[in-house]
Amino acid sequence: MSAIGCGIVGYGYWGPNLARTVSELEDVVLISIADASPERRALAGRRHHGTDILASAEKLIADPRIDAVLIATPVSSHYELASAALKAGKHVLVEKPICASSAEAARLIALASARNLVLMVDHTFPYTGAVRKVKDLVSSGHIGRPYYYDSVRVNLGLFQKDVSVIWDLAVHDLSIMDFVFDFRPTAVSCTGMNHFADQPEDVAYLTLYFSDDFIAHLHVNWLSPVKLRRTLIGGSEKMIVYDDLEAYEKVRVHDKGLIVGSDNGDKEKVRQLLLRGYRSGDVWSPQIDPAEALSLELAHFVRCIQGFEVPITDGHAGHRVVCVLEAAEKSLMLRGAPVEL
């Protein structure tokens with residue numbers, strides 16, 4: 001099987017990571033990198049000898065040697081670049097979020113389907129060993145019936161010019177939940193604030209509602225003095241603490257919960273649940289696959305192009321996440337009123 005020719009559009013924050021990882025993959029050749037900035041092109045040229053360094057994304061997309069285009073540019077440009085690549089017959093992996101609107105994402109899905117091309121969104125977290133372990137614990141029933149997902153994802157910067165903190169940070173937790181759970185939110189409520197004139201929101205709180213008694217709450221913030229990446233997942237049997245900043249024990253499982261009994265006494269004509277006490281058992285940390293998530297993701301992208309695998313984070317996953325982001329933005333304008341999905 002011949003090597004897959006790849007081109008990368010955008011060599012800013014994330015593009016260098018894509019270029020480094022693509023260069024290390026088997027059966028892949030990094031043919032060209034395109035960026036509008038002369039400084040970034042010069043840096044790419046110093047790092048990737050033998051790779052064409054271009055100022056024009058259009059020239060990269062038109063290159064017949066390129067089979068797949070990886071897009072790492074501002075969100076506002078995702079649709080135009082991805083649609084051009086798909087129309088040119090290229091497979092596409094686009095940085096998160098997939099597009100600036102659900103309508104654009106739907107059009108990309110239709111384009112890829114009509115041309116039998118792979119469309120993937122760069123939701124990196126589902127490829128991390130920690131999140132894959134969390135999915136195993138949830139899917140196997142190890143924690144019982146899921147009750148809640150509670151996440152804090154805060155830091156000081158990096159401020160984005162074209163998207164709010166919701167589209168920058170909350171997208172990570174939305175992609176994690178989309179991967180881990182087999183049920184989807186039915187409504188979202190969002191409050192937030194921008195503290196600098198003419199800038200997008202830098203602090204936000206999202207609450208996601210589901211058809212049963214599961215609930216999710218996300219706190220995202222660009223103005224925190226400390227960086228936190230901590231998620232709690234509670235179940236009827238056990239609870240998970242996932243801390244992405246932990247070096248060795250990113251996932252811990254707590255055998256803790258409430259002991260609940262029933263009472264059918266004469267004074268009550270309906271069945272009630274009564275708290276009998278607390279259950280406190282062991283805390284253990286499962287072994288986590290240390291493989292780099294981006295390397296796994298791009299290798300998966302290549303195997304999908306070769307026809308060996310089906311995309312995990314496909315265009316439909318990107319579309320679902322953007323639908324929640326859009327609803328959150330609407331709720332934000334309504335001062336937190338829930339918006340149905």
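His91 counts as buried because its relative accessibility is 12%, where buried means under 20% relative accessible area, exposed over 50% and partly exposed in between (1.4 Å probe, protein chains only). The structure is a predicted model, in which local features need pLDDT of at least 70, side-chain atom pairs count only at pLDDT 80 or more, and totals for chains, interfaces and linings use all residues. Residues are numbered from 1 along each chain as its sequence is written, and side-chain values use heavy atoms, with hydrogens and water left out.

His91 belongs to strand S5 (residues 91–95); helices (H or I, at least four residues) and strands (E, at least two) are DSSP runs numbered from the N terminus. A polar atom of the His91 side chain lies 3.0 Å from the backbone nitrogen of Val118. Beyond its neighbours within four places in sequence, His91 is in contact (heavy atoms within 4.5 Å) with residues including Asp67, Asn116, Val118 and Phe301.

Asn116, one of these partners, takes a positive phi of about 55° just after helix H5. Helix H5 (residues 102–114) comprises 13 residues and reaches 18 Å from its first C-alpha to its last, close to the 18 Å expected, that is, 1.5 Å times one less than its number of residues. Among the buried residues of H5 are Glu104, Leu108 and Leu111. The buried residues of H5 pack against helix H4 (78–87), strand S6 (119–122) and helix H9 (315–333).

Leu341 is situated in the segment after strand S15 (339–340) and, at 44% relative accessibility, counts as partly exposed.

Terms used: A polar contact is a pair of N or O atoms within 3.5 Å; within protein, one must be able to donate a hydrogen and the other to accept it, and residues adjacent in sequence count only if both atoms are side-chain atoms.
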